[in-house]
Amino acid sequence: MSELVPGGNLPLPGGALTLRVPGPFDVSALITDESGKVGGDADFVFYNQPDAPGVRLRGDTLTVEPALLRAGAERVTLTVTAAEPGTPLGRLPAATLHVTDRLGRTVARFAPPRPQTETLLLLSEIYRRGTGWKLRAIGQGYADGLAGLARDFGVDVIEDRQPAGGFRATIPAQRTAASPARPSTASLPDPDGLLGLVNSARARAGRPPVAPDARLTSAAHAHAGAMAEAGRLATESRDGVSVHQRISDTGFAYVTVGEHLVSGPRTPAEFVDYCLRTEDARRTLLDPAFTHAGLAHARGPGDGDTYWTALWARPLTQAELSRTRAEVVDLTNGERTRAGLRPLAVDPQLTAAAQAYSTDMATRDFYSHTSPEGTQPWDRAAAAGSRRRTIGENIACGQRSAAEVVDGWMNSPGHRANILKADFTHIGIGFAGGGRAGTYWTQLFGA
């Protein structure tokens, strides 16, 4: 494997290549000719237009097969922006590119310096050299964001969704709470009437409706099919992929998530009736915190049973993340106040280190105070710019709310000791959804 630095390049093997950038990012690609300009609307690959000849985008992963690129294509440029629009990349974990060949073997890794105020990172490019193809690491921040970069590459960016003609790629200028992360497909078909039954039940309970989301639906279909093929209910399929990892693989980032994995009901009405009659399942189906859903079922080829997967989530926005972190701080300080201790002040450097570590655990699927590279909490705090002399860390995974995670920490002697340590004066909180466990939490204390 090659560890690339900005400006570095290497020859690429033949066949399809996979380029993955895990984390809270949107991945995009521009296909250009010798002039450095796109040739048409199919040359801009992003979340609203995920496929082009030789290029396919699925969640955080771009697959490029140079031999299948359109005629005249000389270069594929990979970019990343924050999934939360307008967020400077300096506020997020560093974007790291992982490149693998068609057999899944690692070809290269590129971890450029993290931009500060820029909102887009020109990460790398695949380019033709003679009869072969090479990868070049770039790592250049771009202040004007995706729309500005697209214009520079020859894309006529508009905000309406029905172009009158000519080449126009539609890029939303802003994503709001009503249209989070990526535009949800509110008009998704509901052939079984399942979503209608769910929302009727929620309306009777005084709960707001949930909107269908194509990414959640895709993850639900994949997991229901995997359970049907295996002939058993499980949060992980035979290949070790969890239901939460399936959600992350679609690019849907969430602040809270729930799921129903059920077999037995033969119709949508029977499935909803089962959920309403079972206490825990009823609580999830009617939970007002959920705003989006993906619902699917599949019939097992062997036993003929129907396997259901219902996914419920609330998208992660910067506002939701800030609210969740503030709630953890408030609950933690409440415990300290009851113990007669001074509250902790929020520290930006500790917050950055904690957030980066929660995101790292989720995206790389590990759970430990020691990272895969061997770094410890104090190493990560120092790397984020903290000069606190004493550092402590609590981590947790799987909890669905701030209250649940703080309660769990307070019921664990070691974690409780950190929360109630009189010497600590500052705190930073990190949260990430995804990975095998579904949620990852980090408390970083300093004095």
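**Terms and their grounds**

In strand β19, T309 is the bridge partner of L261. The model is predicted, with local features requiring pLDDT of at least 70 and side-chain atom pairs pLDDT 80 or more, while totals for chains, interfaces and linings use all residues. Residues are numbered from 1 along each chain as its sequence is written, and side-chain values use heavy atoms, without hydrogens and water.

Q: What makes β17 and β19 a pair of strands, and in which sense do they run?
A: Strands (DSSP runs of E, at least two residues, numbered from the N terminus, as are helices, which are runs of H or I of at least four) pair if DSSP finds at least two bridges between them. Nine bridges join β17 to β19 (residues 306-315), and the two run antiparallel.

Q: How many aromatic pairs are counted?
A: Rings of Phe, Tyr and Trp (its six-membered ring) pair if their centres lie within 6.5 Å; planes under 30 degrees apart count as stacked, over 60 as edge-to-face and the rest as tilted. By this rule there are five aromatic pairs.

Q: Why is the pair F44 and F46 called stacked?
A: The ring centres of F44 and F46 are 4.5 Å apart and the planes stand at 10°, so the pair is stacked. Both F44 and F46 are buried (under 20% relative accessible area, with exposed over 50% and partly exposed in between; 1.4 Å probe, protein chains only).

Q: Why is the pair F424 and F445 called stacked?
A: The centres of F424 and F445 lie 5.3 Å apart with planes at 15°, so this pair is stacked. F424 is in the loop between α11 (413-419) and β22 (426-434), and F445 is in β23 (residues 438-446), 21 residues apart. F424 and F445 are buried.

Q: What makes R380 a charge over the ring of Y357?
A: The rule requires NZ of Lys or CZ of Arg within 6 Å of the ring centre and within 35 degrees of the ring normal. R380 lies over the face of Y357, at 3.5 Å from the ring centre.
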